[in-house]
Amino acid sequence: MSSLNQVVMSGRLTKDPAVATARNGNEYTTVRIACSREWNDKNGGGKQEETCFINAKAWDKTGKNLAKFFKKGSPIILQGRLRLAEWKDEDGKNNSFHEITVENFFFMETKKDAESTVEVGSTDSSGFDAV
């Protein structure tokens, strides 16, 4: 019986995508997304929120396109598989973390929405600072 390793996450990028080159010469792009969920506390505690931060890596053309179209704060849907990265540090201690190996990504906003988004502190075409 085979296993299924399929992950779909949506969230916002916590920083701009970072492009790098692996030892074998292949390019990859790393991103980190923040995924939040909200619920109402059953005991009258009001609205609750939990945020999970997820690392992801996209290879080759997928990674190049991800870096081209997204930036810090962009909403995104990532689809791929979960991978456990393991290594030993200089003290010989074992380390590990999970990350998504991105196979596909999807836009959560239209090009028009992205172009109309004005960042706080930026200057619009009228020369006035946005608030």
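## Aromatic pairs

W59 counts as partly exposed, at 31% relative accessibility (partly exposed lies between buried, under 20% relative accessible area, and exposed, over 50%, with a 1.4 Å probe and protein chains only). The model is predicted: local features need pLDDT of at least 70, side-chain atom pairs count only at pLDDT 80 or more, and totals for chains, interfaces and linings use all residues. Residues are numbered from 1 along each chain as its sequence is written, and side-chain values use heavy atoms, with hydrogens and water left out.

The whole structure holds 6 aromatic pairs (rings of Phe, Tyr and Trp, the last by its six-membered ring, with centres within 6.5 Å; planes under 30 degrees apart are stacked, over 60 edge-to-face, the rest tilted). One of them joins Y28 and W59, whose ring centres are 5.1 Å apart with planes at 50°, so this pair is tilted. Because Y28 lies in strand 3 and W59 in strand 4, the pair ties together parts that are 31 residues apart in sequence (strands are DSSP runs of E, at least two residues, and helices runs of H or I, at least four, numbered from the N terminus). Y28 is buried, with a relative accessible area of 18%.

F69 and F107 form an edge-to-face pair, 5.7 Å centre to centre and 75° between the planes. F69 lies in helix 1 (residues 60-69) and F107 in strand 6, so this pair links parts 38 residues apart in sequence. Ring pairs link F69, F70, F105 and F107 into a cluster.

## Charges over rings

K57 lies over the face of Y28, 4.7 Å from the ring centre. The charged end of R37 sits over the ring of W39, at 4.1 Å from its centre (NZ of Lys or CZ of Arg within 6 Å of the ring centre and within 35 degrees of the ring normal).

## Cysteines

The count of disulfides is 0 (pairs of cysteine sulfur atoms within 2.5 Å). C35 is in no disulfide, and the nearest cysteine sulfur, that of C52, is 6.1 Å away, too far for a bond. C35 is buried at 11% relative accessibility, whereas C52 is partly exposed at 39%.

## Q79

Q79 is found in strand 5 (residues 75-88) and is buried, with a relative accessible area of 17%. Beyond its neighbours within four places in sequence, Q79 is in contact with residues including Q6, V8, T101 and F106 (heavy atoms within 4.5 Å).
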